[in-house]
Amino acid sequence: MEPVTQAKKSSNLVLILDYGSQYTHLITRRIRSLSIFSLCINGTSSLSSITELNPRVIILSGGPHSVHSEGAPCFPSGFIEYVEEKGIHVLGICYGLQLLVQKLGGVVKIGEKHEYGRMEIEVEKNEGLFGNKGIGEKQLVWMSHGDEAVKLPEGFEVVGRSNQGAVAAVENRERRFYGLQYHPEVTHSVEGMETLRHFLFDICGLTAGWNMEDVLEEEIKVIKAMVGPEDHVICALSGGVDSTVAATVVHKAIGDRLHCVFVDNALTSVLHQYFRYKERERVMATFESDLHLPVTCVDATEEFLSKLKGVTEPEMKRKIIGKEFINIFDIFAHDLEKKVGKKPTYLVQGTLYPDVIESCPPPGSGRTHSHTIKSHHNVGGLPKDMKLKLIEPLKLLFKDEVRAMGKIMNIPVAFLRRHPFPGPGLAVRIPGDVTAGNSLDILRQVDEIFIQSIKDAGIYDEIWQAFAVFLPVKTVGVQGDQRTHSHAVALRAVTSQDGMTADWYYFDFKFLDDVSRKICNSVRGVNRVLLDITSKPPSTIEWE
Ligand SMILES: Nc1ncnc2c1ncn2[C@@H]1O[C@H](COP(=O)(O)OP(=O)(O)OP(=O)(O)O)[C@@H](O)[C@H]1O
Ligand SMILES: O=c1[nH]c(=O)c2[nH+]cn([C@@H]3O[C@H](COP(=O)(O)O)[C@@H](O)[C@H]3O)c2[nH]1
Ligand SMILES: NC(=O)CC[C@H](N)C(=O)O
Ligand SMILES: [Mg+2]
């Protein structure tokens with residue numbers, strides 16, 4: 001079912017108007033985790049496309065624009081009259097708050113001090129948004145703004161303020177307008193989720209009633225209706241969580257007309273994906289016996305490496321990889337035609353919401369105000385002239401939702417807990433030319449030691465994702481009384497709930513000491529180990 005149809009069925013819809021924040025879809029995700037259906041559309045959509053969805057609550061997202069900049073996106077004219085007439089509650093977040101304040105007659109200015117990252121705010125009034133808190137209570141929140149509301153529209157009051165004195169939360173309870181200058185949707189806003197819950201259930205009076213079982217059932221129906229009864233479909237199966245769950249959903253819909261293909265592109269990390277060269281066949285067999293998904297393995301190591309040779313620009317690398325994946329899938333589809341007598345028309349990918357959010361916003365996605373952070377190979381990295389049509393059953397879901405869906409379909413939990421591994425693999429963990437020297441080989445060995453040590457220490461499940469990065473710099477060392485001029489590697493491990501924001505994992509020193517020693521003692525060509533201690537933002541999880 002199209003999201004719009006589903007939305008119309010819901011009498012409890014929370015509609016998000018997107019102004020381009022990197023976190024917009026997190027708001028959707030958070031609301032869904034409260035079992036309330038939520039949908040996101042372009043923040044400049046026409047009034048009729050808003051009214052036809054019949055929302056109960058509207059959230060205005062954050063965004064990179066300033067309300068003063070030329071072309072700053074805004075809700076359509078007649079919006080304020082519509083929400084007031086219908087009694088719809090509106091919550092503005094960051095840019096959304098600034099937009100509400102400005103359009104209702106207040107003043108927004110460039111703040112004297114910008115507020116980025118972790119900040120503390122204090123409850124000034126315990127009504128409305130902070131009705132469940134005490135006056136003077138403090139909480140840690142995640143801010144990311146330069147502008148500030150300096151004069152509120154008539155009838156509005158400040159209910160929370162940052163420790164720098166800036167407006168952090170405002171409301172006009174009578175007119176049902178609310179605003180938060182911080183991002184309650186990111187997990188680093190410690191009480192953000194509780195504030196959203198309080199707003200939606202206690203203030204707006206919504207009731208819970210949307211769940212993953214329903215989503216799965218709908219997906220299967222949609223795929224059955226989309227794929228003709230004789231059609232064959234191929235699935236890009238990486239062995240990771242997302243494509244395995246996607247393949248299982250499609251398998252439930254069309255059975256053996258699904259044909260899975262794994263591409264060995266030379267960029268997979270040996271241990272992590274457990275595609276040790278000689279183990280490949282065994283892993284394929286496991287997929288068939290445990291998950292009933294027969295997989296064909298295509299060896300494309302030569303094709304990928306020759307095309308990546310000498311390429312150093314990260315976006316260029318990603319586009320080459322995206323294109324090469326599709327080339328391989330086209331060849332596979334052609335070969336399959338000879339076997340099954342009909343050319344497959346669809347390609348299944350395990351694309352998730354965050355892949356879409358961070359890539360070029362695809363046309364019709366409603367995301368025209370956000371910046372491209374990186375082109376995920378399976379979205380922004382895809383060639384324009386693709387012959388295969390896409391089936392992406394997880395495209396609206398976040399990782400934890402995908403894991404929940406996998407659990408419903410009885411995919412073993414140990415499998416579902418595996419760390420994500422990006423399609424471009426080690427290519428985005430070797431800044432610069434991937435094929436230079438024996439960097440891939442060194443990186444695989446370092447990664448194996450790091451991940452195995454994490455498993456041995458029993459902390460694998462506490463970490464969202466861990467990996468090593470090969471640094472294209474050589475430094476001087478002394479090993480066995482000899483001068484060495486070798487490479488440095490960095491270790492990266494982060495905690496996260498959805499990959500949209502992340503913090504670095506706090507290892508204990510003894511662990512780090514052991515890993516560093518093991519790496520330098522056993523990997524030739526490495527004499528220095530660094531630890532990446534940046535959160536996302538300002539960094540991303542991968543290095544490219
Ligand atoms: N080596 C590969 N062979 C075939 N398909 C791949 C390969 N790597 C990635 N893909 C395709 O690209 C999609 C996106 O990759 P991504 O790494 O985000 O997902 P995943 O590998 O399925 O799950 P995980 O995030 O747990 O690694 C996959 O779902 C899969 O469809
Ligand atoms: O399939 C993928 N294709 C890609 O091109 C890609 N780039 C990043 N990632 C994974 O996405 C999550 C967020 O990564 P970043 O913070 O680096 O953007 C992390 O889990 C990354 O590993 C990718 N996955
Ligand atoms: N995160 C946001 O929504 C930022 C809003 C606006 N661009 C500012 O810097 O204030
Ligand atoms: Mg993967």
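This briefing describes the domains, ligand surroundings, helix packing and backbone features of the structure above.

The model is predicted. Its chain is divided into domain 1 (3–203), domain 2 (212–416) and domain 3 (437–531).

**Domain layout**

- The centres of domain 1 and domain 2, taken over C-alpha atoms, are separated by 35 Å.

**Surroundings of ligand 1**

- Ligand 1 is surrounded by 19 residues, and the closest of them are Ala236, Ser238, Gly240, Ser243 and Gly350.
- Two elements, α8 (241–254) and β11 (258–264), each supply at least two residues of this shell.
- Helix α8 provides the largest share of the shell around ligand 1, namely 3 residues.
- By class, the shell around ligand 1 holds 8 nonpolar, 9 polar and 2 charged residues.

**Surroundings of ligand 2**

- The shell around ligand 2 consists of 18 residues, with His376, Pro422, Thr540, Ile541 and Glu542 as the closest.
- Helix α12 (residues 353–358) gives the most to the shell around ligand 2, contributing 3 residues.
- The residues around ligand 2 comprise 5 nonpolar, 7 polar and 6 charged.

**Surroundings of ligand 3**

- The residues that surround ligand 3 include Ser21, the run Gly62, Gly63, Pro64, His65 and Ser66, and the pair Cys94 and Tyr95.
- Ser144, His145, Gly146 and Asp147 also belong to the surroundings of ligand 3.
- Strand β6 (residues 138–151) gives the most to this shell, with 4 residues.
- The shell around ligand 3 contains 3 nonpolar, 8 polar and 1 charged residues.

**Packing of α10 with α11**

- The axes of helix α10 (residues 301–308) and helix α11 (residues 314–340) come within 10 Å and cross at roughly 150°.
- Because an angle over 145 degrees counts as roughly antiparallel, α10 and α11 are roughly antiparallel to each other.
- The crossing in which α10 passes α11 is right-handed.
- On the α10 side the contact is made by Glu303, Phe304, Lys307 and Leu308, and on the α11 side by Lys317, Ile320, Ile321 and Glu324.
- The residues of this contact divide into 4 nonpolar and 4 charged, with no polar residues.

**Packing of α15 with α16**

- Helix α15 (residues 439–456) and helix α16 (residues 509–522) have axes that come within 10 Å and cross at roughly 150°.
- This angle makes α15 roughly antiparallel to α16.
- The crossing of α15 and α16 is right-handed.
- Val446, Ile449, Phe450 and Ser453 of α15 meet Asp514, Val515, Lys518, Ile519 and Ser522 of α16.
- By class, the contact of α15 with α16 has 5 nonpolar, 2 polar and 2 charged residues.

**Packing of α7 with α13**

- Helix α7 (residues 212–226) packs with helix α13 (residues 399–408) at an angle of about 75°, and their axes are 10 Å apart.
- Because angles of 65 to 115 degrees count as roughly perpendicular, α7 and α13 are roughly perpendicular to each other.
- Met212, Glu213 and Leu216 in α7 meet Glu401, Ala404, Met405 and Ile408 in α13.
- The contact of α7 with α13 has 5 nonpolar and 2 charged residues, and no polar residues.

**Backbone features**

- Lysine 536 and proline 537 are joined by a cis peptide bond, with omega about -10°.
- Proline 537 has its place in the segment after β18 (526–531).
- The peptide bond from proline 537 to proline 538 is cis, and its omega is near 15°.
- Proline 538 likewise lies in the segment after β18.
- Alanine 266, a residue other than glycine, has a positive phi near 75°.
- The location of alanine 266 is the loop between β11 and α9 (280–291).
- Strand β11, at one end of that loop, also supplies at least two residues of the shell around ligand 1.

Notes. Residues numbered from 1 in each chain as written. Chains lettered and ligands numbered in written order. Predicted model: local features only at pLDDT ≥ 70, side-chain atom pairs only at ≥ 80, totals over all residues. Near = placed C-beta within 6 Å. Nonpolar A, V, L, I, M, F, W, Y, C, P; charged D, E, K, R; others polar. Axes fitted to C-alpha atoms, helices over the stretch in contact; angles between N-to-C directions. Parallel < 35°, antiparallel > 145°, perpendicular 65-115°, else oblique. Left-handed = near helix turned anticlockwise from the far one by under 90°. Contact = placed C-beta atoms within 7 Å. Domains from an automatic or database assignment.
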